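Good morning, and thank you for coming.

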Amino acid sequence: MHNLQGKAEELYHLIKDDPIVSPHGHCDPSWFAKDTPFANAAELLVIPDHYVFRMLYSQGIPLANLGVGEPGKAADPREVFRLFAKNWHLFLGTPSRVWVDYVLHNTLGISSTLSTETSDTIYDQIGDLLAQEDHRPRFLFDRFNIELLATTDSALDVLKDHVAIAKSDWGGRVIPTFRPDGILDGNDPEFLANLASLGEKTGQNVDSFSGYLSAIRARRAHFIANGATATDHGIEHVMTEWLSNPDEVYQRLRLGQANDGDAVRFYGHMLIEMAQMSCDDGLVMQIHAGSRRNTNRDVMTAFGRDKGADIPIGIDWVKGLDALLNRVGNDTELRILLFTLDETTYARELAPMAGHWPCLRIGPPWWFHDSPAGIARYFDQVVETAGYYNLAGFNDDTRAFLSIPARHDVWRQGVALHLSEQVSKGYFDMTDATKLAGLLATDLARKAYKLET
Amino acid sequence: MHNLQGKAEELYHLIKDDPIVSPHGHCDPSWFAKDTPFANAAELLVIPDHYVFRMLYSQGIPLANLGVGEPGKAADPREVFRLFAKNWHLFLGTPSRVWVDYVLHNTLGISSTLSTETSDTIYDQIGDLLAQEDHRPRFLFDRFNIELLATTDSALDVLKDHVAIAKSDWGGRVIPTFRPDGILDGNDPEFLANLASLGEKTGQNVDSFSGYLSAIRARRAHFIANGATATDHGIEHVMTEWLSNPDEVYQRLRLGQANDGDAVRFYGHMLIEMAQMSCDDGLVMQIHAGSRRNTNRDVMTAFGRDKGADIPIGIDWVKGLDALLNRVGNDTELRILLFTLDETTYARELAPMAGHWPCLRIGPPWWFHDSPAGIARYFDQVVETAGYYNLAGFNDDTRAFLSIPARHDVWRQGVALHLSEQVSKGYFDMTDATKLAGLLATDLARKAYKLET
Amino acid sequence: MHNLQGKAEELYHLIKDDPIVSPHGHCDPSWFAKDTPFANAAELLVIPDHYVFRMLYSQGIPLANLGVGEPGKAADPREVFRLFAKNWHLFLGTPSRVWVDYVLHNTLGISSTLSTETSDTIYDQIGDLLAQEDHRPRFLFDRFNIELLATTDSALDVLKDHVAIAKSDWGGRVIPTFRPDGILDGNDPEFLANLASLGEKTGQNVDSFSGYLSAIRARRAHFIANGATATDHGIEHVMTEWLSNPDEVYQRLRLGQANDGDAVRFYGHMLIEMAQMSCDDGLVMQIHAGSRRNTNRDVMTAFGRDKGADIPIGIDWVKGLDALLNRVGNDTELRILLFTLDETTYARELAPMAGHWPCLRIGPPWWFHDSPAGIARYFDQVVETAGYYNLAGFNDDTRAFLSIPARHDVWRQGVALHLSEQVSKGYFDMTDATKLAGLLATDLARKAYKLET
């Protein structure tokens, strides 16, 4: 045990200060374009973090009192932070507590423990820090030793923040990610408006299916020109199908004459078109699947999307990706990264698939599973069948900028623990473990997202 | 490791003698109303315990030889116990062996190990003990330090045993639980007879749907008047649906003119009605889902229900509870406790759902999973996403009265082990672990079932 | 921990040199009939092993360069071995690396580590060894201390290799296994040809359903006469159904007039017929379910079956076996061994089912799950509900003859580790653990396959 702990610590110390490679997440690029200070402790740690306010809500605390959504606009941020501090015990055993603890102690240097008694003091301490030059977004980005941060951006985004960052004298590398769901999903209420915007932004005539494809290609090129190396899809069920008549389905969708199932089948077809475009332009394709969105309709109506009511569901990756993989899956230059919320697919589907198809890599534990036990289950279930080289390293997938170092730290601790256990079980020695530690901390992410220079 | 073991033992000793809160189970209330002695070792440990005789049956031993069901009535209990003793090795590695060992050694003070050689002696020792005053049900209840025991009772039950206990000079708290499946499930062969009985018992005219609802409300009130704090549903698949015309479906069922699917959809509607009644009268709602009952039809025909052939199946909680939750799920006073036999739903569905919906709590590991490894998997998979405060503590769910202390003891050991590991991993310190130990041993159950005084 | 490790080592040393019982696998019986030397290191370790070349393929190495299939015939085996050696790091953390390491070091006595630098030397060393008398198949079989090896053979096989082995002066016990899928599956392209061959080989008129059944019985008798004790089925979904008119469906299939679903339902019926024949002739029935075969159609077309693109899928054993079990499942002489690739069914379905039905036993972790972590998950999830006596021990299921000792060794280490943990948790003492170790290493396999003498 001592031996195990010793090995884990040795490996952890080798990687803990490696640069942070963050190839997928939801930070707002304007933070780095404008470099305006964060507002206050509630805006920093509670209001934008659905991991945090969903837990408070689950114990009967109204979302409006937590500053969430339109109804929360009237809430006093100091009161929001008090509610959070008072209920800090609810987070015992959760990664949110680990991350917030790390942010408070390691990142912000606050030594007292969060509680009703300390709430106001800590709130003020954080307020003071945020007002200082050395807690502005760019400064923190550099201090965090972030080598690269990818944002996630609508396919229609003109990327002005990314352009502004590139033009600035600041050296931080913040790149966009092409997220085309809004222009592919006929069930999106904004679909037709998005098509119109797509035509306008690209100068293509999107009345025809070929014009639509050209417009998408143009948008991808714009993202590439601004540094993007990847696309991203967020879907509920995985379904792909190569249609013989995509143009006809497109016309029905475009003219509001869609049949039942048209939108879903069209999306399934377009996933394959997107993969084919990736074969051409080299963008890495990410598929995040298995979240049923907005399951609480009252909360959706009053507070909007992403309010903690997105719940995972069972997924069939084998059937779902069949059409796509049989069209492009043997392309050795293509990269498709799969993210699941259904852990039963780690060993049953994802590891065997990634251990065969040249294009596939398994993304790191995602969302609810980005946690110490989630990381342990991931390694336990994927490595024996997929090996390490079919993994995509880590990404933090967060919109909480300050939690980035905390999340990478939890991953690196998990990596060190896993590898030390493998050594203890005789799988390999510390020389190999050391190499793998570096791979898992940074190199696999660089490789998977084609970020190597 | 020593450290880990030391911490686990420290935590275990803090909670091992806490009172037993048993808010869900299947003990017979007449045991405590009449306080008649248990008959013999076979009646105590083998014949009523489907965990035990299913294992013997799986290795080719006829159920009739084990005293089970009608065909087993002729079996000599001493011979039944001999068969059990002879095959004691079959239980190596199972919680049944742990429980029976605990009962024999800790509860009954028998020092010898069960085997063919010791069978008769132990049988006689147990017989002698059971004949003594201090091994009657009430005495044992008090000696076990049971703070509360809930039974599970048909919605049509007049609760005479509970009334008798309340009127007696004995202070034990034995409360009923409202189990309405027989009056909700149109597929139950007794459904029409149950409706008639429901009308009679309540004086309501159940020919109309509104009369039927009133009758159910009256029965719930009767249970509440006799101490009930909870209801219970046992279902195969989870399906809820708010019907626009429940009265019409009710009439078809009542008149034997049901269409295909009417019974299932009506049950799905009535689950929501039950939840709404819980909003009104405060009864905690329990849903035990995912067991396919009586899969062995020959055994069912010859020996009846609950004979070890109930097998778990996969469950979709997200879809199944959608209609119910979107009707009442944001009510912060409502409590719905979910029990699953499909462990894949712990991390994927139950923890995210309980970590959002104010009404939901996750019940403890149930049935096959109420075991050391089952408890470890439960904590591993629910805590990071649901926290501890969205759990419902423990309940033993047993019809084997003597095993109650054994089952709570296994849980408490599991709690201590889990918390000590969390401390070792740095999740929290021993101060927090100590608080959580008490919560998990008793307080969360008291809270979840509204038993706090 | 020391204690735990000490116990594990003690148990391992008790069983590590036990004879190898290998009741299910895919070795070629001609190796032992003809006793010709293995060709070279690539033919031994890379080309026939889909565990190995799938991983190389997943990282972009063409199968043809690895000597696989028709297109691989031109590959120089030395170059194939070089490619393997160069990419040896890809196998870090996989059981393939553990097995190949064991073969190289323990079986072949090669001390250097595989790498680009050592590739040619090791290739030559292996070549030299294989040319020697004491590395011929029969010699290795004896040296490996194999008590019994079962092959898997088409129902139409005349078993000439098995006959030759029996007639030879060599004492090794190599028995066939009856695999009837080709004569049961109306979707098999060879089905009609197989029927014709079945008629010819047995002299039965297979134009009638009863003649078809008689022919199958005759083939089973032929296998039994040549030492078989078991049958084997490899299926995607589990589905059984007792048809009222199997003869009509058979006629439609036979005459090429099948309706949609006929082939699947007929197979579902025939599984029950096979179980009934097992009740009569005593052959143990194996069902390997849950692999979607040949999911990569380009690879299938160019390289054929079994090329690493078989991916597991979710399975419903409860529903799937319902018809079969309700027809024959209470027969205490019948043995049906279930193998799953869907680990979610271990605790949810297989353990409860095997803990009830007298005919069922759970096969060992199969294919991707035959690995240290896979074995640990298996014990963790099946033992508490099924006990040890409802397990079928171990089988290696390999076509890589040299890996047999390695695979049994990994299992035995897993057994020792599991049992030592059970002892540490207080489940039982070392006396019981010692007995269970012997059971799990050999005796349960002998019992399950009726190999006891």
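Predicted model: local features only at pLDDT ≥ 70, side-chain atom pairs only at ≥ 80, totals over all residues.

I begin with strand 7 of chain A. A:Val284, A:Gln286 and A:His288 point one way from this strand, A:Met285, A:Ile287 and A:Ala289 point the other way, and all are buried. Strands are DSSP runs of E with at least two residues, helices are runs of H or I with at least four, and both are numbered from the N terminus.

Residues are numbered from 1 along each chain as its sequence is written, while chains are lettered from A and ligands numbered from 1 in the order in which they are written.

Strand 7, residues 284-289, is mostly covered, with six of its six residues buried. Which strands pair with strand 7 of chain A? Pairing requires at least two bridges found by DSSP between two strands. Strand 6, residues 230-235, runs parallel to strand 7 and is joined to it by six bridges; here A:His233 stands opposite A:Ile287. Strand 10, residues 336-340, is also parallel to strand 7, with five bridges, and A:His288 stands opposite A:Phe339.

Let us turn to chain A as a whole. Its secondary structure comprises 21 helices and eleven strands. The radius of gyration, taken over C-alpha atoms, is 22 Å. The globule rule, 2.2 Å times the number of residues to the power 0.38, gives 22 Å for 453 residues, so chain A is as compact as a globular protein of that length. Of those 453 residues, 55% count as buried. Two residues are in contact if their C-beta atoms, placed from the backbone, lie within 7 Å. Among contacts in chain A with a separation of 6 or more, 76% are between residues 24 or more positions apart.

Finally, the copies. Chain C is superposed on chain A by a rotation of 120° with 0.0 Å of shift along its axis, at an RMSD of 0.0 Å. The two copies are thus related as by a three-fold rotation axis. Superposition is by least squares on the C-alpha atoms of residues with pLDDT of at least 70 in both.

Key. Buried ≥ 20, exposed ≤ 12 C-beta atoms within 10 Å, placed from the backbone.
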